[in-house]
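This report describes a structure of several chains for a reader who has not seen it before. The sequence and the structure come first, and the description follows.

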Amino acid sequence: MTGDFLEILLSAGFWAATIRIVSPLIFGTLGELICERAGVLNLGIEGIMTMGAMAGWMWVFQGGDLWGGIVFAAFIGALFGLFHASFTVYLGLSQHVTGIGITLFASSLSYYVFRMLLPNATTPPKIVPFQPYAIPGLSDIPVIGEALFSQTPLTYLALLSVPAVWYVLERTPLGLAVRMAGENPVAVESQGIDVLAVRTGAVMVGSAFMAIGGAFITMSAFDAFYFGMINGRGWICVALVIFASWRPGKALLGALLFAGLDALQVRAQQLAGAQIPYQFFLMAPYVLSIAAMVVMSRRASYPKALLVPFRRGDRV
Amino acid sequence: MTEKSVSVMPLLSFRGITKRFGPLVANDAISLDLNQGEVLALLGENGAGKTTLMNILFGHYMAEEGEILVDGAPLPPGSTDAAIQAGIGMVHQHFTLAENLTVLENITLGTEPLFAWRRDIGAARAKIARMADEYGLHADPDKPVGALSVGERQRVEILKALYRDARILILDEPTAVLTPQESDSLFETLRKLTSKGLAVIFISHKLNEILSHTDRVVVLRRGAVAGTVTTSDADRASLAHMMVGAEVNRPKATAMTPGDTVLRLTHVACRSDSEAQSLKDVSLEIRAHEIIGLAGVAGNGQRTLANLLSGLIAVDGGTVEILGATGVADPTELVRRGVGRIPEDRHATGVVGEMPLWENLISEDRRGAEIARGGFIIDKGRAVERTKRLIEEFDIRCEGPEAETRLLSGGNMQKLILARVLSRGPRFILANQPVRGLDEGAIAYVQNRLLQARTAGAGILLISEDLDELFALSDRIAVMYHGRLTPPQNTADLSVGDVGLLMSGQEPEAAHAH
Amino acid sequence: MRIETRQDIALWRVILAPVLAVLASLALGAGLIIWAGEPVLASYWALLKGSLGSRFALNETLTRSTPLIFTGLAVAVAFRAKFYNIGAEGQLYCGALAATFLGTGMISLPPYLMIPILMLAGAMAGGAVLIVPVLLKTHMKVDEVVTTLLLNFIILLVVGYLLEGPWKDPMSLGWPQAAPIVDEGIWPPLLAKGRLHLGFIFALVAAVLAWALMRFTIWGYEIRAVGLNASAAGFAGIGVNATVIRTALISGGLAGLAGVSEVAGLKGYLTLDLSPGFGYAGIAVAMLAQLHPLGVILSAFFISAVYVGADAMSRSTDIPTYIADVLVGLSVLTILVSVMLTRYRIRWS
């Protein structure tokens with residue numbers, strides 16, 4: 001048994017699967033992280049990912065090209081972000097309830113739109129998804145090459161997003177304003193920067209990331225749109241943000257750890273054969289997510305103004 | 001003191017500013033000038049219109065009438081940015097700093113174009129170092145603000161304004177959180193700034209500070225300018241009279257013979273789970289008919305002590321004996337024993353704003369025999385009856401027992417809490433900042449009620465940041481510093497300066513010896 | 001734009017809020033109907049007729065409102081204490097599991113004992129689901145939204161495992177379903193025709209009890225105080241953690257009853273598609289009711305009518321049935337705004 005696991009851990013296939021699984025999680029987790037660093041919990045993530053999965057796929061199915069589909073999904077995601085922000089940022093309504101409402105609305109709307117455009121589809125129709133692109137040279141490195149450098153372009157985009165988001169948050173004036181909006185919005189407002197605009201922008205960008213994460217699933221991991229295919233990935237991303245203590249680098253690590261265990265679970269399932277029911281393997285990601293939140297709960301230093309709406313003229 | 005040039009034109013002037021909120025006139029045709037190189041005090045009670053005026057200056061509110069001129073040029077209304085561009089900087093009473101971010105990040109926010117590709121951290125570091133040398137304002141740029149003391153944070157706030165080349169600095173109640181000695185060093189800094197040509201508006205209601213550290217005083221009363229005087233021509237009485245519009249008659253305690261012990265703390269240690277200061281080896285005895293004043297700069301353990309005596313947290317060492325029984329960690333039991341608790345923040349912990357008055361009046365004895373029928377059903381009839389009686393007795397201005405509590409004014413909300421506490425005839429009262437943020441009328445009412453309770457036999461622990469209040473009401477005063485408590489001394493034997501030294505952790509005798 | 005607090009909240013505004021929210025949702029939904037190329041009013045008329053237009057339709061609407069009342073109450077009670085239980089779906093299944101465990105032959109009792117025992121078991125199972133999330137919240141500050149949501153997925157997998165494995169009914173011809181509840185445990189129908197069963201009465205009783213609890217009792221007072229201002233409640237001596245835990249158990253119990261109701265009242269046996277999202281729709285029910293237990297009855301009836309009517313409407317038009325889920329999701333959002341307008345005034349300047 002131990003030998004089998006070692007073999008799995010050393011196989012390029014396992015690592016390639018890990019990287020595949022991690023890509024949508026990276027997008028979703030970064031998206032949630034951006035929203036929360038600006039002080040807004042976005043529980044619309046599950047619905048926005050569903051929307052992105054449907055929108056991007058539908059764009060391609062209707063004849064658009066793949067990158068156009070990604071841009072379209074991001075645009076739709078940003079629209080839902082604007083929707084979320086008008087409620088939570090401008091009207092200061094409950095972020096919990098708004099997020100759940102957005103999720104219910106966006107998921108059902110995705111299904112409605114899908115049914116409207118494809119009323120008679122019994123078996124889900126397929127598109128030609130993103131193909132793996134082997135980076136010349138790098139992909140020839142044993143194990144790592146196959147795992148890391150023979151992925152689809154969307155995976156490379158996910159991996160590059162991590163340093164990009166880190167850079168913007170830590171090294172640019174805009175990123176400082178976003179972080180400050182999540183820590184002390186009054187400080188932002190007193191410097192003549194529009195807190196509401198900063199938060200809205202962050203929620204829109206974050207939601208666009210989430211939608212791309214959804215689109216990855218229908219346009220890179222699979223080639224079709226199924227009902228319920230996001231299957232809690234959004235909620236897992238919310239847990240991962242907590243696990244990562246709101247830091248992009250740690251988010252990547254957490255997502256990798258998580259995806260690795262998930263990939264391991266799939267292979268273990270094959271090893272275990274019929275001895276352990278498959279449902280228990282499928283449970284692993286959800287149980288892990290809860291465990292991750294518990295582990296980090298004591299150490300987490302969350303953005304101080306998370307969940308706190310800002311109203312102009314407050315305490316100034 | 002402006003050796004360089006005496007400009008004829010005021011640096012900043014308000015011309016006939018009027019702002020209304022519904023029927024309330026918050027600012028009534030306010031005009032005032034600020035000259036280069038001066039420290040101008042803006043004096044007024046809570047609700048006199050100081051905050052509204054500053055909000056208009058910074059564009060948070062729009063005035064209905066009037067205009068603001070900087071260097072003779074009108075300031076565009078409704079724009080924070082315009083105010084900052086015009087060289088106006090504000091240090092708020094509640095600091096606008098992010099604790100998780102560094103000093104440098106807090107200072108540089110908003111000083112660069114938002115959509116630049118990178119923050120110029122090197123240049124910022126150099127400029128902060130330069131300012132530190134020039135004004136004597138030192139702060140480690142890479143430390144998170146959360147790791148700084150209150151005084152250091154205030155320094156960061158001032159640096160923040162100076163970093164934007166502010167020529168006008170506005171400080172809103174800046175000494176409320178400082179020891180008298182820290183305040184002195186702040187005034188030194190302000191002198192340094194004005195000597196370099198800056199002008200300062202100093203918002204306060206502490207007459208002593210204003211008299212000794214400002215050049216001119218503008219007094220606001222009920223939204224209008226009640227008078228403008230040169231500080232050297234003013235005295236306490238005249239300023240107080242201008243501020244309140246009548247003789248100020250705050251109550252004063254008269255001597256009484258102490259009775260039995262109501263509270264005894266013996267070597268109490270108490271760790272605090274939050275950011276509040278822990279208690280170390282605190283001993284204290286309070287007897288009936290006695291008010292012990294507790295002085296100290298905010299954050300030195302007063303809150304932990306208050307939480308302990310309110311029954312919210314447990315002791316880690318030593319013993320707490322209240323009204324003859326030991327052990328404290330249960331508010332309901334404490335109230336039943338005869339403890340009255342007036343919390344520090346009436347909005348946040350005193351009342352549930354969205355509940356009606358009658359529900360807030362039963363919150364502490366809701367499971368008691370009078371209110372809980374069969375231990376489970378609330379007897380609303382009795383609760384409303386009680387509320388009607390207390391509204392009458394404590395002169396609470398409201399629409400009735402069913403009115404939402406959040407709609408009460410600060411003074412009436414405090415009266416509601418007093419009604420809840422005092423109607424039970426408590427024998428030990430914890431009064432934590434009982435008059436904070438109230439107007440003179442309400443202050444006198446609350447203090448008189450506390451003195452009546454003392455006469456009736458209660459022992460009172462009065463926690464306050466207002467030394468005047470402590471000296472007027474306390475039989476003895478103790479000082480809290482870094483979680484330790486000095487032995488209480490008779491108020492008559494103490495001076496404000498002595499208490500100030502104790503508040504900064506020094507022994508008065510030792511200080512005198514040097 | 002400036003948001004101002006209203007000095008007093010007129011009762012008519014409170015009552016008007018859900019009406020406005022429903023109208024707004026329907027108006028937004030109209031866009032989707034137009035897109036489907038159908039006439040808006042006629043389609044909504046078909047929805048209305050399909051849900052209330054006949055004795056059969058009304059019976060079906062009341063039948064479907066039964067679990068929605070339970071899950072709506074579960075959410076309403078929990079949200080009052082600001083405990084965001086989004087796991088009513090999972091708790092429903094756990095209630096159903098408990099009823100199936102005891103009710104398929106494990107014990108044998110007369111109906112007047114069997115029915116209450118199955119209900120008690122279901123409520124306890126539903127409440128038990130929340131023990132971990134609520135303790136994580138009160139003792140480790142782990143957000144309950146995410147834990148309760150994730151538990152939904154875990155519980156559904158457990159149900160799937162049981163129905164495909166140890167609990168699979170050998171008589172079910174290969175379908176993943178459990179053995180039927182014994183006759184003594186089955187809730188009798190209320191009418192000769194249609195599927196409406198005793199559970200509807202139980203649901204109404206539960207709503208009245210929940211209302212009385214919140215309004216007249218110390219527990220209700222404490223739940224409301226904790227939800228509105230936990231720090232003031234704690235200062236007054238209300239055990240905040242104890243109250244939140246108690247609320248969670250009540251909430252989970254109510255959701256568990258929804259599962260018992262579906263198994264013992266409607267279907268007769270447990271399947272994987274026992275609930276088409278009653279737990280999630282319960283959030284819309286509770287929000288539309290502004291967390292008022294009696295209001296839950298009305299809003300559950302409305303949401304149920306939307307589901308039942310949408311089925312009928314989509315049979316006669318080209319509108320996909322998902323319109324119902326869209327309307328439910330929208331109403332969670334519209335009610336937020338319309339309730340806000342009762343408390344605040346928005347000034348445009």
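From the N terminus on, chain A runs α-α-α-α-α-α-α-α-α-α-α-α-α, which amounts to 13 helices and zero strands. Here helices are DSSP runs of H or I with at least four residues, strands are DSSP runs of E with at least two, and both are numbered from the N terminus. The radius of gyration of chain A is 20 Å, close to the 20 Å that the globule rule gives for 316 residues, so chain A is as compact as a globular protein of that length. That radius is taken over C-alpha atoms, and the globule rule is 2.2 Å times the number of residues to the power 0.38.

This is a predicted model, in which local features need pLDDT of at least 70 and side-chain atom pairs count only at pLDDT 80 or more, while totals for chains, interfaces and linings use all residues. Residues are numbered from 1 along each chain as its sequence is written, and chains are lettered from A and ligands numbered from 1 in the order in which they are written.

The C-alpha trace of chain A spans about 65 × 50 × 40 Å along its principal axes. Of its 316 residues, 57% count as buried. A residue is buried if 20 or more other C-beta atoms lie within 10 Å of its own, exposed if 12 or fewer, and partly exposed in between, with C-beta atoms placed from the backbone. Among contacts in chain A between residues at least 6 apart in sequence, 79% join residues at least 24 apart. Two residues are in contact if their C-beta atoms, placed from the backbone, lie within 7 Å.

### Two helices of chain A

Two packed helices are described by the angle between their axes and the distance between the axes. The axes of α7(A) (residues 153-171) and α8(A) (residues 173-183) cross at roughly 80° and come within 5 Å. Axes are lines fitted to C-alpha atoms, for helices over the stretch in contact, and angles run from 0 to 180 degrees between N-to-C directions. α7(A) and α8(A) are therefore roughly perpendicular to each other; angles under 35 degrees count as roughly parallel, over 145 as roughly antiparallel, 65 to 115 as roughly perpendicular and the rest as oblique. On the side of α7(A), the contact is made by Val168(A), Leu169(A), Glu170(A) and Arg171(A), and on the side of α8(A) by Leu174(A), Gly175(A), Val178(A) and Arg179(A). By class, the residues of this contact of α7(A) with α8(A) are four nonpolar, one polar and three charged. Ala, Val, Leu, Ile, Met, Phe, Trp, Tyr, Cys and Pro count as nonpolar, Asp, Glu, Lys and Arg as charged, and the others, Gly among them, as polar.

### Loops of chain A

Most residues other than glycine have a negative phi. Asn231(A), not a glycine, has a positive phi of about 50° and is found in the loop between α10(A) (195-221) and α11(A) (233-243). Ser245(A) also has a positive phi, near 50°, and its place is in the loop between α11(A) and α12(A) (248-272). Asn231(A) counts as partly exposed because it has 17 C-beta neighbours inside 10 Å, and Ser245(A) counts as partly exposed with 15.

### The sheet of chain B

Chain B has an open sheet of four strands in the order β2-β1-β4-β5, with antiparallel pairing. Two strands pair if DSSP finds at least two bridges between them. The edge strands are β2(B) (24-34) and β5(B), each of which pairs on one side only.

| Strand pair | Bridges | Sense |
|---|---|---|
| β1(B) and β2(B) | seven bridges | antiparallel |
| β1(B) and β4(B) | five bridges | antiparallel |
| β4(B) and β5(B) | two bridges | antiparallel |

Leu12(B) stands opposite Leu34(B) in β2(B). Thr18(B) has Glu65(B) in β4(B) as its bridge partner, and Val70(B) has Ala73(B) in β5(B). The hairpin of β4(B) and β5(B) has two residues between the strands, and Asp71(B) there takes a positive phi near 55°.

### Contact of chain C with chain A

This contact takes 39 residues from chain C and 38 residues from chain A. α14(C) gives the most to the side of chain C that touches chain A, with eleven residues. That side of chain C has 32 nonpolar, four polar and three charged residues.
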